[in-house]
Amino acid sequence: MNSQDARVLDQNIPALDPDAPVILEMRHIGKTFGAVTALVDASIKLRHGEVLALVGDNGAGKSTLIKILSGFHQPDVGTIILNGKEVHFASPRDARAVGIETVYQDLALIGDLNVFHNIFLGRELHKRTLGFMLLDSARMRALALTYLNTMGISIPSVDSTVDLLSGGQRQCVAIARSIYSSPNILVLDEPLAALGLREGGQVLGLIQNLRRQRTVSIILIVHNYNQVFEVCDRINFLHSGAIVLDAMTSETSEEELIRIVKSGVVRAAIGAAAPGNGSVPA
Amino acid sequence: MSLNLEPKRDHGGQAFESSPAVIRTTGVRIPSTITGKLLFVLSRYREASIAVVAVILVVYFQIGSHGRFIETQFLGVVFRDTARIGLVAVAEAMLMITGEIDLSVGSVFALAPYTMGLLSVLWGVPLVLGAIAGVAIGVLVGVLNGVITVHFRVPSLITTVGTFFLLQGIAVSIYNSQPIMTPVEEPFNALFGESLFNPREDALLSWHGMTAFSSVIWAALIVAVMAVVLNRTTFGLHTVATGSNIIGAREIGVRTDRIKVYNFMIAGGLAGFSGIINTLQFSSADPAAGAGYLNLQAIAAAVIGGTSLLGGSGTVIGAFIGAFVVATLNNGLVMIGAQATVSDIFLGAGILAAMVLNVQVERLRARRRI
């Protein structure tokens with residue numbers, strides 16, 4: 001809407017502490033759906049405060065991997081280790097209970113409710129009026145406003161309904177909603193899908209803000225990695241159900257990734273992808 | 001999921017730096033042009049457009065009837081109709097916000113007071129207890145409608161057409177379709193609809209004068225309560241969430257099935273209450289009182305009052321004003337000498353105009369981002 005959306009990303013993010021503890025490990029995860037093998041042997045590590053990009057083509061297994069992490073699917077083989085302890089998630093509720101929040105592409109926002117009611121939906125604040133527990137909208141509004149400002153999220157008004165916001169603003173509200181419960185791990189499923197450059201910039205700015213904080217670890221599922229190179233600490237490339245590349249973004253470059261993608265193990269994937277879908281710059 | 005009352009994002013004593021280039025507007029921008037202001041009011045207060053229509057109609061009929069519209073006796077009739085339609089319209093608005101509809105309210109409207117009358121005539125049950133039983137039957141019908149709709153996944157349009165005929169059949173066959181004269185048990189009757197007002201003897205602001213408006217006073221009270229429920233409670237918030245984005249609401253943890261069943265129960269209860277008030281006015285319970293017409297009048301009132309048939313948005317106060325508009329059209333046109341049947345033409349045109357206006361205002365709102 002305004003020029004404020006096209007902000008320049010702050011590049012002065014201190015590098016991740018190399019001694020930051022590994023808080024999450026997914027080891028040798030395998031999962032099949034009937035005859036379809038979604039994951040063969042996928043292992044990822046996530047350190048405290050790290051922003052990890054999970055890159056891969058359609059059908060590489062990204063969605064399955066994060067749905068296992070968020071408790072929607074259970075792995076056939078493999079283990080999930082959280083803070084050194086093995087965990088099992090029977091449902092998304094279990095994953096939430098240990099601080100893993102996931103923002104899906106459909107966002108789960110309520111278009112007809114305003115921004116602050118969306119942020120507080122399911123955990124409303126009340127006050128007692130004439131003996132009845134009524135919504136304390138004034139307090140929710142004020143808290144949401146402070147909160148969004150602290151996170152550096154700009155929206156025209158917290159009073160406007162969510163369906164009047166732009167795609168990037170909606171994505172930011174959805175992320176803010178998830179962050180509000182102070183998760184340890186935030187999983188963002190294709191947060192840049194269907195967003196224009198400027199809109200995507202707003203979301204990337206928010207991720208960058210979170211990254212500077214180093215309080216929440218983020219797994220970013222992306223299709224098109226050249227957009228996220230600047231906000232990630234590490235990139236994992238998922239191909240045919242396994243991680244084929246694990247590199248710090250500081251030790252690699254976009255060009256190198258493109259070269260690996262072109263020359264190496266994932267040539268088949270590029271051949272299979274429809275030309276011009278922009279999934280991997282070929 | 002942990003629940004934080006305060007945002008805790010400054011762990012380690014380091015707060016987010018917000019970019020200085022970012023300008024945030026925290027309030028709602030009020031547009032400067034006249035059209036902009038009009039659209040702003042219409043979109044912010046959905047009741048505004050129907051309120052304007054109501055005022056125009058009253059002025060029109062007051063002039064057309066040479067000043068007889070705003071007279072206690074005539075207004076009393078309009079208000080009774082407003083209460084009868086309005087109570088059902090409010091419940092219908094709540095259901096429509098969740099994305100459902102209830103077409104069985106018409107027969108609950110007949111069955112509840114008929115039960116009350118029957119209990120009184122057959123076993124001498126006091127009307128108060130009979131009325132409670134009648135409302136309870138309405139609530140139970142709501143449970144039935146809700147459970148069939150939610151658990152068996154039958155669209156509520158079909159569910160409630162089914163229960164409409166079912167209850168209609170029960171009401172008509174239970175006592176050989178005989179209308180029942182209900183006894184007069186004061187002060188119960190006068191409190192809930194019977195008018196003791198005699199314009200020649202009583203002052204308007206007397207107890208007898210008040211009884212002429214008792215039904216609309218009850219309706220207004222219930223509308224006020226429902227408005228608070230919709231706008232100021234978690235239940236209301238979840239009602240909107242259910243109708244606006246049911247999948248998203250479920251993901252967040254809103255118990256959408258329960259919300260729907262509760263709203264069906266409210267609809268049944270209010271339809272029963274409306275029928276009882278209507279019966280006490282005349283001390284006569286007709287097993288075919290509501291029929292299908294009341295359903296449609298109530299839905300019309302909710303729709304022209306600004307409730308979307310698609311779910312997610314609506315207003316109970318608008319539905320009540322909508323009921324007043326429907327009642328005014330029905331009675332006012334007769335008063336200025338038009339054929340009774342003509343009022344349906346205006347009502348039909350009114351619904352179409354209201355729908356077009358609603359959709360257009362919504363589109364303009366989205367485009368201008370008011």
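Me: How many of the 27 residues of helix 12 of chain B are buried?
Reply: This is a predicted model, and in it 22 of the 27 residues of helix 12 of chain B are buried, which leaves the helix mostly covered.

Me: What is its span from first C-alpha to last, for helix 12 of chain B?
Reply: Helix 12 of chain B reaches 40 Å, close to the 39 Å expected at 1.5 Å a residue.

Me: And what follows helix 12 of chain B?
Reply: B:S283 does, with a positive phi near 55°.

Me: At what angle do helix 3 and helix 12 of chain B pack?
Reply: Helix 3 (residues 72-97) and helix 12 (residues 256-282) of chain B pack at about 175°, and their axes are 8 Å apart. Angles over 145 degrees count as roughly antiparallel, so helix 3 of chain B is roughly antiparallel to helix 12 of chain B.

Me: Which residues meet there, between helix 3 and helix 12 of chain B?
Reply: On helix 3 of chain B they include B:R80, B:L87, B:A91 and B:L95. On helix 12 of chain B, B:F264, B:L270, B:F273 and B:I277 are among them. The residues of this contact divide into 14 nonpolar, four polar and three charged.

Me: How many bridges join strand 4 of chain A to strand 5 of chain A?
Reply: Three, and those two strands run antiparallel as well. A:I80 is opposite A:V87 in strand 5 of chain A. The hairpin they form has two residues between the strands, and A:N83 takes a positive phi near 50° in it.

Me: Where is A:S182?
Reply: In the loop between helix 5 (167-179) and strand 9 (185-189) of chain A. Phi of A:S182 is near 50°, a positive value in a residue other than glycine.

Me: Why does A:S182 count as partly exposed?
Reply: A residue is buried at 20 or more other C-beta atoms within 10 Å and exposed at 12 or fewer. A:S182 has 18, so it is partly exposed.

Me: What about A:E190, where does that sit?
Reply: A:E190 is in the loop between strand 9 and helix 6 (197-213) of chain A. Its phi is positive too, near 45°. With 18 C-beta neighbours inside 10 Å, A:E190 counts as partly exposed.

Conventions:
Residues are numbered from 1 along each chain as its sequence is written. Chains are lettered from A and ligands numbered from 1 in the order in which they are written. This is a predicted model: local features need pLDDT of at least 70, side-chain atom pairs count only at pLDDT 80 or more; totals for chains, interfaces and linings use all residues. Axes are lines fitted to C-alpha atoms, for helices over the stretch in contact, and angles run from 0 to 180 degrees between N-to-C directions. Helices (H or I, at least four residues) and strands (E, at least two) are DSSP runs, numbered from the N terminus. Angles under 35 degrees count as roughly parallel, over 145 as roughly antiparallel, 65 to 115 as roughly perpendicular and the rest as oblique. Two residues are in contact if their C-beta atoms, placed from the backbone, lie within 7 Å. Ala, Val, Leu, Ile, Met, Phe, Trp, Tyr, Cys and Pro count as nonpolar, Asp, Glu, Lys and Arg as charged, and the others, Gly among them, as polar. The expected span of a helix is 1.5 Å times one less than its number of residues. Two strands pair if DSSP finds at least two bridges between them.
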